Amino acid sequence: MGALLVVAQIAITLAVLCNTVSIVAHAIAQIDRPAGFDTRDTS
Amino acid sequence: MAVAGLSQEFNVASAQRGDLGYLRGLPGVAAATITTGEPLTNNGTSTGLTHSADLTGTAVQTSEISLDEEGLHTLDVALVAGRNFRADEITSDTGGPQRGSAIIVTESLAHALFPDGHALGATIYEYANQPLTIIGITRDFMGPQLGGPAYHVCIVPQLPTTFGFYHLLVRALPGRRDAVIRNAQRHIASAHPDAGVGFTHTLADSQRQFTAAGRNMAFFLSAVTALMLAVCCLGLFGLTAFNVSSRTKQIGVRRAVGARKRDIVTYFLSESAVILGSGALLGTVLALALGQWLSDHYGEPRLDLACVLAGIVTLCAIGQVAAWHPARRAASVPPSIATRTV
């Protein structure tokens, strides 16, 4: 019984882990794209 | 800077003329223009463009901004082909979506519409009766819409007058920004007693806001996942420790009949490997289902199989490390335990 619960826990963790890595990698890639024009603060 | 008319009498066209006249004469201003959507704000219009008048075929999604002939100069975006709008091409959008026939597109959008590279001078359609001619191509820059294809931007030669609402876009000379903002804010606010004038901000502010949202999301998502991973290891650790303590006598017997310490460690580690393996198998199915659901409902990119593989390897490695400690404790059970009755 205990082993089954741990199996379920591992399965859910893996599902979330994979999707997080994918989403975060995509988000970081989007953030790092250049805006295409000068956004430096020149005060 | 946003200006929104608050009364019926507010004359947008004359307000715009007045604002532009003032801003272009203000010392420290390199260029000024009026637009519907500020870049990098995630606030703006998006549209679809197609090749044919009957609108068959897939529409290419793009954000759309209206600028006058000073627009490109203000954004400091260079043309790579074609030409800029002429002053006489700038129309008012009063009376519905009467669009001028000339448009300027970014390189990315031009390539998406015409992969063979014949975008300049070509005709495309936004509405069935509305042919648009591409007169210029600029290098890529981000439009107002940041989700989806951020570099797809289509510029129409218009002054936004229909909704009594417009944004003023100003480029200051180096070192003059703060003074320009102060003067412009004060003048524009007092020039329109019957309009609401929004606070002035810089493109860098908008960019920071947009990237901060993404960074925060990435940080919290990673933190929560790391916590889940830790709890998962704790679960495996607890299960192995429980198994070890409830099988102490059995371990003693195995040791007494000749099992080496490493045989005991291997025994518990292979048990946790079986648990991790079944979890990984079930988890892969769950991960793919979750990924499918996320890309269907939230437009996330499809889950990469390499991600799943990396996840399995990471989880199994960390899981085995978690099970290793109680397994080592099991190996130190002395064979003499076998002779005891409790």
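This is a predicted model: local features need pLDDT of at least 70, side-chain atom pairs count only at pLDDT 80 or more; totals for chains, interfaces and linings use all residues.
Local features need pLDDT of at least 70, side-chain atom pairs count only at pLDDT 80 or more, and totals for chains, interfaces and linings use all residues. Residues are numbered from 1 along each chain as its sequence is written, and side-chain values use heavy atoms, without hydrogens or water.

Chain B places 58 residues in contact (heavy atoms within 4.5 Å) with 34 residues of chain A. About 4,000 Å² is buried between the two chains (accessible area lost on being put together, 1.4 Å probe, summed over both parts). Carbon and sulfur atoms give 72% of this area. On the chain B side, B:R177, B:T225 and B:M228 lose the most area to chain A, together 11% of what that side buries.

Between the chains there are zero salt bridges (a side-chain nitrogen of Lys or Arg within 4 Å of a carboxyl oxygen of Asp or Glu). Helix 5 (203-246) of chain B is among the elements that supply at least two residues of the side touching chain A. Helix 5 gives the largest share, 19 residues.

The largest nonpolar core has 22 residues. Such a core joins buried Ala, Val, Leu, Ile, Met, Phe, Trp, Tyr and Cys residues through side-chain atoms within 4.5 Å; buried means under 20% relative accessible area (1.4 Å probe, protein chains only). A:F37, B:L75, B:F85, B:F141 and B:I155 have the most contacts inside this core. A second, separate core of 19 residues includes A:V6, A:L17, B:L236 and B:L315.

Technical notes:
Chains are lettered from A and ligands numbered from 1 in the order in which they are written. Buried means under 20% relative accessible area, exposed over 50%, partly exposed in between (1.4 Å probe, protein chains only). Helices (H or I, at least four residues) and strands (E, at least two) are DSSP runs, numbered from the N terminus.
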